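Here are some worked exercises for getting to know a new structure. Try each task yourself before you read its solution.

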Amino acid sequence: MAAALQVLPRLARAPLHPLLWRGSVARLASSMALAEQAWQLFESAVGAVLPGPMLHRALSLDPSGRQLKVRDRSFQLRQNVYLVGFGKAVMGMAAAAEELLGQHLVQGVISIPKGIRAAMERAGKQEMLLKPHSRVQVFEGAEDNLPDRDALRAALAIRQLAEGLTADDLLLVLISGGGSALLPAPIPPVTLEEKQTLTRLLAAHGATIQELNTIRKALSQLKGGGLAQAAYPAQVVSLILSDVVGDPVEVIASGPTVASSHSVQDCLHILNRYGLRAALPRSVKTVLSRADSDPHGPRTCGHVLNVIIGSNVLALAEAQRQAEALGYQAVVLSAAMQGDVKSMAQFYGLLAHVARTRLTPSTAGASVEEDAQLHELAAELQIPDLQLEEALETMAQGRGPVCLLAGGEPTVQLQGSGRGGRNQELALRVGAELRRWPLGQIDVLFLSGGTDGQDGPTEAAGAWVTPELASQAAAEGLDMATFLAHNDSHTFFCRLQGGAHLLHTGMTGTNVMDTHLLFLRPR
Ligand SMILES: Nc1ncnc2c1ncn2[C@@H]1O[C@H](COP(=O)(O)OP(=O)(O)OP(=O)(O)O)[C@@H](O)[C@H]1O
Ligand SMILES: O=C(O)[C@H](O)CO
């Protein structure tokens, strides 16, 4: 809430161009009020998936304190618990686990993004920090979400811990998004640098996280079930905070405790698709050629319990409750938004336009063709279980303002060398789309934010826009198309009104993909 309240002074500080004064002071006040509500909802979404509360929901001790309960399973405790973790959210998870397990926790190793501990200390988020004499050793690495030497050291320490376990031990594995980059252990002769280059190339060519992680698994000692195998014969419980659409345990952080079902053919197919097969380093070819006849045999994970403890669905459900409390008809469109960022922006822009007709039927609005175009776009994006009809019906009922909520991750094809992230790029593109439609009768605000608080390699979590974005940008001499062509959305939003449209939360300590909020309010 404190952060939400920061919006008003920040907006008030933004330079007001004369154009804004001419006839739109009331609209500005309305945008500010909407922006504040958007912040509140975003914060409530993030709050619902903070590591501590989630871990406590998933793990408990029985009254004797000698049994650990995880869902419907129980594990004997006798100072035999070890812990490893990797990902953007695992420090808070480890802190909560250590507090719960007390003396039963023997030792732990976690790999977290560089700077996250200091950021949490600065933000005074004590609940995310390990206690001074913690048994958990912390490694920080993977700057900019890329595997590096520090992350490699962490991965080797994690492997060593796992390999030393016996059948009497229980290994708790804490997993969250960003885990892949924080657990690099390439199979020799592949080097860290080669893996880094391949990962970067695949991401820049727009490979999906499923594709990226299929390749990562094939080249890794610990991913694709490798960690579980290293820990055998210990029992393994993985507590997973999902940052992937649909919560597939084999994809999140490249599934270190899930046997990989992919073959070398799958990998070659992906590398072909992005034109990277011909230029593969010899080492990668060597490892791939050996993969189908792995001398250690297939990785088995019968001794593992994988549990999803938090996801985008949970975050959206909380934001939906908040929206309803604020008087909105709130509909969750989907927690699985994916596809090209341009199509997704068109979808949201057209949805706002079609919404105008439904919310204010007396005005001429979207045509039948535009309605059909919206459905075509939705089909093209292939979003599973998209609640588009429910959203349109809710608007048509005319029971007041509507808030549509969604979660997921669009894909950005990087063409320029600008600074930005998925959320800021999506918001900027939606802003550009909104100017195409006459939305005069309703107030519209779109917000896109990464729940981890860091959108791409920038300090912002995301941004929000209204249909006035184009005129605001023009008033400051900012050409949206040029910024978009260079994937430079962060620079754009920093310059626009002194950064007033940016979301700054700092690292949140959690990570369940992105949140999209579309507010539609009849005037
Ligand atoms: N200049 C840019 N403009 C738009 N998007 C960008 C830009 N630079 C990077 N990105 C996108 O940001 C994403 C990487 O961001 P980030 O480091 O937050 O990773 P992430 O996908 O959220 O990681 P994880 O899934 O591990 O949480 C990539 O999808 C990339 O396409
Ligand atoms: O670490 C990763 O692989 C991504 O964040 C998806 O979980």
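This is a predicted model: local features need pLDDT of at least 70, side-chain atom pairs count only at pLDDT 80 or more; totals for chains, interfaces and linings use all residues.

Residues are numbered from 1 along each chain as its sequence is written, and chains are lettered from A and ligands numbered from 1 in the order in which they are written.

**Exercise 1. Find the residues around ligand 2 and sort them by class.**

Step 1: Look for residues near the ligand, meaning that the C-beta atom, placed from the backbone, lies within 6 Å of it. This gives Gly-177, Gly-178, Gly-179, Ser-180, Ile-209, Asn-213, Asp-243, Val-244, Ile-252, Ala-253 and Ser-254.

Step 2: Sort them. Ala, Val, Leu, Ile, Met, Phe, Trp, Tyr, Cys and Pro count as nonpolar, Asp, Glu, Lys and Arg as charged, and the others, Gly among them, as polar. The shell around ligand 2 has 4 nonpolar, 6 polar and 1 charged residues.

Step 3: Ask which helices take part. Helices (H or I, at least four residues) and strands (E, at least two) are DSSP runs, numbered from the N terminus. Helix 9 (179-182) and helix 11 (209-218) each supply at least two residues of the shell.

**Exercise 2. Decide how well helix 11 is covered, and by what.**

Step 1: Apply the burial rule: a residue is buried if 20 or more other C-beta atoms lie within 10 Å of its own, exposed if 12 or fewer, and partly exposed in between, with C-beta atoms placed from the backbone.

Step 2: Find the partners, using contact (C-beta atoms, placed from the backbone, within 7 Å). The buried residues of helix 11, among them Ile-209 and Asn-213, pack against helix 9, helix 10 (192-204), helix 13 (264-273) and helix 14 (282-291).

**Exercise 3. Check the length of helix 16 and describe how helix 16 meets helix 18.**

Step 1: The expected span of a helix is 1.5 Å times one less than its number of residues.

Step 2: The axes are lines fitted to C-alpha atoms, for helices over the stretch in contact, and angles run from 0 to 180 degrees between N-to-C directions. Those of helix 16 and helix 18 (residues 388-396) come within 7 Å and cross at roughly 35 degrees.

Step 3: The contact involves Ala-355, Arg-358 and Leu-359 of helix 16 and Leu-392, Met-395 and Ala-396 of helix 18. By class, this contact has 5 nonpolar, no polar and 1 charged residues.

**Exercise 4. Look into the backbone at Pro-233 and Ala-253.**

Step 1: Recall the background: most residues other than glycine have a negative phi, and most peptide bonds are trans.

Step 2: Tyr-232 and Pro-233 are joined by a cis peptide bond, with omega about 10 degrees. Pro-233 sits in the loop between helix 12 (226-231) and strand 8 (235-241), and counts as exposed because it has 11 C-beta neighbours inside 10 Å.

Step 3: Ala-253 has a positive phi, near 50 degrees. With 33 other C-beta atoms within 10 Å, Ala-253 is buried. Ala-253 is also one of the residues around ligand 2.

Technical notes
Two residues are in contact if their C-beta atoms, placed from the backbone, lie within 7 Å.
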